[in-house]
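Take a moment to turn the model around on your screen before reading on. We will then walk through it together, step by step.

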Amino acid sequence: MSVSSSPSATAQTPTTKPPVVVIQDDSFQDDSFETSDNGIHRKKRAKTKGNDSSSKPINQQPPPIFHPESNRLLDAMLHPLLKRDFLHDHFRKDAVHIQRHHQPDSCSSESNVLVSDICKNYLFDLDARQIFAETSSENVFLWLRRPPPSEDSPTDTCSKNSVPQQQQPATLNSVEISDPETAYALHKSGSHPAYCRAPPILEHHLVGSLLRATGLGGGHYHPPHVETVTLGGGTTLGRGEVELFIGASSASSSQGYNGAKRSRSGNTNNGTTPAEKKKKHTTGWHTDFQENFTIQLSGIKRWTLRRGRVRHPLRGTTPHYARDSSVVENQLKVARLSCLAGNGTTSGVEFDSSYGFEYGEHNAYGPEQTVTLYPGDVLYFPSGMWHCVETLEPGISLNVSLMGTTYATLVCEALQHLLVGSNEGWREIVTSRPGDEDGAERLEGLLGGLSNLVDNFVTKQGGAQSLLPPALCHPPLGNDDDDDEEEEEDGSFENDASGDENDKACDSKEGDDQSSSDGLMDEQIEDGSDNGDEDDTPSSGIIIPMDDFEGPPGWTCSRPSNAKLVRNPLASLIAMSDIAGHHQQEHQNSSGANASNNGDEQKETTKQYVLNVNFAGNEMMESHIRVILETSNPKLVDLMDWYLKCEARMQDPGGQVMNDQSDNPAAGTTPPLCLFYYGYFSWSN
């Protein structure tokens, strides 16, 4: 592995550190590898005494194929850089370019093998027509080149150097096409590059895998293409989408991928004239609010990047390609808010009307850096980093954009939940009539108790633990990334999809339930249906067996010293019989005559309880956590029913655990572990 980067960040000023860390994958320069239809493998050699391949340096391990459904997808994309080093040293700090062909004029076929699974099994061998037909997008976007500039046009560059605009590639404006056949016809006949989302199943796998690997949103993801209730429902903390950028042939690139001589400087030598070079497609300078992973599937692109001064930009800060006045106003006000919120990189900068909005010295810092992506290359760049992209040879690139709930949104939603449940006055519609009823005066009275409410929540009701229960801080059970630490040390991988079965295996019954839920979502995505079962009952969702629940590896809920057990005020526990009792009764009446005695006993003794956490902060009342707790243990049934009685009496069941009342089944007992994991209880000092 070769690393091309600047010295340590601690030894540099913010204005001198290059934005991109380049990691060269030397695997393709090692003749000990061979490719086949099954992947890339080390050539078989005669074993020598004491030879142990696991001790080989990381750069001598075979590069893994990118399998979207694998929990080790990010490891494969970053190879030979270790995932833990990426997350600790570069994630949300630097751009990282994993360079597969670092020698001039190199166009090794092995890199195409790396993306072969994506291209063949998910993207129809890169057939644009079928991609347009299967996209997740409602529309296909086509980019139209602006008219060629005149000789006296002002400069408009993909570089900060002053180069006349007529010598620069033309930037693009986009139009939306709803019909995929029309979009394809324009794309082919008019040489218009296109943009659309990936097919749903590919988006589901890529976004889910990368959210789990990076921990964004706690690793939780609910695909927008299905309605099956999962942990987090519609308000899951992590979100994402997969974009496809499909280049179009032009006079400057008619020879295609294999027809030009290339060099790592990003230049091509295919006999094009200066007039033809002007037709290369390029974007203008812009930033994104998401965390981005780009995979070059075919063709060649040149990226120029520079650090931005706005950290963690809000969504509206992202400049669009074409803007009307209303869009500009929204972007400007959000950009100003982001800039004035206080960022270390803005000190000493004189604010002006375009700060944080249009590219320039006032909102970017440090040097520009250019990298060129070939098939198999991967580029990660963080939110807020300025970039522009030029197509050197047409092809297809795939970009995974990851986003999620901010801490501000999480807290505000929880605060709304607390307010509407604490005082009926907070549920009033704002009313003000001059000379009769003063809305501001009414609000002032409500605000008088706000500080006590917040202080009580933070200090006595779990605070951060109630906002982010363990279930939202760990990847979904059944999808945990069980990478072997020793295996990761030497960078070894299995180049087939069979390892994914081991990734998804889980000894607990809950793991099986979660895996089944994921399989159901895949089926729903593939057939375009919203529900995998026609029986749309309230019991749909993740079922958690309470009797043998253990939680993920490494998680404990041991009681801290002097801590008290408290119920989460954001949690609600409901007996399933209260929701669907009449449905269950009808089912038993219709099937009871043919059921065995054992079946009747099972129905009578098994009870379910629905737990919802943090749901009153959005209009649809969607919960951050919704799970169905199930038990056939009579003691647990009595315990859960007693918790329900405490809620009905407006009592905190946590404060009743050590109470010696005769009707208290919780006296002297620790609540079930699943109630801690999913956020009904927590320990508070």
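Here is a short tour, going from the whole chain to a sheet and then to a single residue.

Keep in mind as you look that this is a predicted model. The protein chain has 685 residues, and 50% of them count as buried. Its secondary structure comes to 21 helices and 23 strands. How do the parts of the chain meet one another? Take the contacts in the protein chain with a separation of 6 or more: 79% of them are accounted for by residues 24 or more positions apart.

Now let us look at a sheet. Three strands, in the order β14-β13-β16, form an open sheet with antiparallel pairing. At its edges lie β14 (364–373) and β16 (386–393), each of which pairs on one side only. From one strand to the next, the twist averages 15°. If you find Leu305, its bridge partner in β14 is Gln369.

Finally, search for Ala471, which is found in helix α14 (residues 470–473). Is Ala471 buried or exposed? Its relative accessibility is 1%, and buried means under 20%, so Ala471 counts as buried. Now find His220 as well: Ala471 and His220 are 251 residues apart in sequence, while in space their C-alpha atoms are 9.4 Å apart.

Note on methods. Residues are numbered from 1 along each chain as its sequence is written. This is a predicted model: local features need pLDDT of at least 70, side-chain atom pairs count only at pLDDT 80 or more; totals for chains, interfaces and linings use all residues. Side-chain values use heavy atoms; hydrogens and water are left out. Helices (H or I, at least four residues) and strands (E, at least two) are DSSP runs, numbered from the N terminus. Buried means under 20% relative accessible area, exposed over 50%, partly exposed in between (1.4 Å probe, protein chains only). Two strands pair if DSSP finds at least two bridges between them. Axes are lines fitted to C-alpha atoms, for helices over the stretch in contact, and angles run from 0 to 180 degrees between N-to-C directions. Contact means heavy atoms within 4.5 Å.
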